[in-house]
Amino acid sequence: MSELIAFIGVGNMGNPMAENLMKAGKKVKVFDVSKKMIEKAKEKNLEVAENINDLITKEVTTVITMLPEGKNSKEIYLGEKGIINKVSKKCLLIDCSTIDIQASIDIGKKATEQGIEMIDAPVSGGVMGARKANLNIMVGGSKEGFELALPLLKIMGKNIFHAGNSGSGNGAKICNNMALGISMIAASESLMLAKRLNIDVKKVHEIMKNASGNSWPISVYPPLPGLIDGVPSNNNYRPGFSAGMMNKDLKLAKECADQVNAFTPLGNIALDIYNKFCEEGNDTKDFSAISKVIGGDAWKYSID
Ligand code: NAD
């Protein structure tokens, strides 16, 4: 059977990931509920489907999803028109969305019951990582599923990890993003403090990149403009990775921590800060825009 990849959700991340598969010579067909995203996919010469029924046929050998939240993944895989009931038993299912662990486990379990291999494979590395095909991909699922998916994951990413059973990929991703949310706020506080101390921010940034205060937000994705080309802070904070998505991930981290009685005070503070930022209408801005409200005249988001 010749290979056919059905890719669902071609937003900020899915679009470049699908494009990389196509450029690697794979036959890819995509679908998104957003007309704007469908147009963007067409601009990249990706073949598009009119709807899910048009996309999911017995000829599909792999389904890859890159959707916002657990409810979207559940709807696509398990809902009324759920694709688990439509694909052939030989089809491999790969959910790259960052979603709650339980949703991943539920979808994986249903797939296993139907004799279909399914992995959760959330990614980190942002839109730049997706474009450059050097994402970190953390997989939850069986060893067989991991090995089956590996050749495709290697096209989209660089460091591919098998984290453990179904749901473990998302568990690892949630831990990672809790640290990212905290470190983006930390980077914003430091650079804004430098600004208020009237020290050249470019110099402080250069120093921090080489000193013990370095982090991914400092070295790759600085929250202030004028430090690294091509990042959202230089593009009016267009995402990138939206503040709404970070808020979702910090909520997922808190839910996990509560379930297992883990003490995560900084994760909770980061959640409060992003929550308020999103409530004030900033959810579609890049998450690095948090620097706009950090370290300014007033500590707007003081924690009770
Ligand atoms: P996005 O909102 O840009 O893209 C998601 C796409 O899914 C949208 O185009 C939306 O229209 C589409 N969609 C939603 N429901 C659908 C449905 N039922 N059928 C078809 N399409 C549907 O989001 P994104 O930034 O690409 O992120 C996707 C996932 O990847 C999220 O879970 C996010 O947390 C994770 N992630 C994002 C980044 C990043 O930097 N943006 C990095 C790592 C992981």
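Tyr221 is buried, because its relative accessibility is 4%, under the 20% cut-off. Its stacking partner is Trp216. This is a predicted model.

**Aromatic rings**

- The whole structure holds three aromatic pairs.
- Trp216 and Tyr221 are stacked, with centres 5.0 Å apart and planes at 25°.
- Trp216 counts as partly exposed, because its relative accessibility of 31% lies between the 20% and 50% cut-offs.
- Phe241 and Phe287 pair edge-to-face, at 5.3 Å centre to centre and 70° between the planes.
- That pair links distant parts of the chain, 46 residues apart. Phe241 sits in the loop between helix H10 (216-219) and helix H11 (243-260), while Phe287 lies in the segment after helix H12 (265-282).
- Phe287 has a relative accessible area of 1%, so Phe287 is buried.
- One aromatic cluster takes in Trp216, Tyr221, Phe241 and Phe287.

**Nonpolar cores**

- The largest nonpolar core has 33 residues. Phe7, Met17, Val30, Ile94 and Leu153 have the most contacts inside it.
- Elements giving two or more residues to this core include the strands S1 (5-8), S2 (28-31), S5 (92-95) and S8 (135-140). The helices among them are H1 (14-23), H2 (35-43), H6 (126-132) and H7 (143-156).
- H7 supplies the largest share of this core, six residues.
- Which residues does Ile94 contact, leaving aside its neighbours within four places in sequence? They are Thr62, Val63, Ile64, Thr65, Tyr77, Ile119, Ala121, Ala149 and Leu153.
- A second, separate core has 28 residues, including Ile174, Met178, Cys256 and Ile294.
- In soluble globular proteins, nonpolar side chains tend to be buried together.

**Helix H2**

- Met37, Ile38 and Ala41 are the buried residues named in H2. They cover an arc of only 105° around the axis, so they lie on the same side of H2.
- Lys35, Lys36 and Glu43 are exposed on the other side of H2.
- H1, S2 and strand S3 (47-48) are among what covers the buried residues of H2.
- Asn45 follows H2 and has a positive phi, near 70°.

Definitions and conventions: Residues are numbered from 1 along each chain as its sequence is written. This is a predicted model: local features need pLDDT of at least 70, side-chain atom pairs count only at pLDDT 80 or more; totals for chains, interfaces and linings use all residues. Side-chain values use heavy atoms; hydrogens and water are left out. A nonpolar core is a set of buried Ala, Val, Leu, Ile, Met, Phe, Trp, Tyr and Cys residues joined through side-chain atoms within 4.5 Å. Buried means under 20% relative accessible area, exposed over 50%, partly exposed in between (1.4 Å probe, protein chains only). Helices (H or I, at least four residues) and strands (E, at least two) are DSSP runs, numbered from the N terminus. Contact means heavy atoms within 4.5 Å. Rings of Phe, Tyr and Trp (its six-membered ring) pair if their centres lie within 6.5 Å; planes under 30 degrees apart count as stacked, over 60 as edge-to-face and the rest as tilted. The arc is that of the directions from the helix axis to the C-beta atoms.
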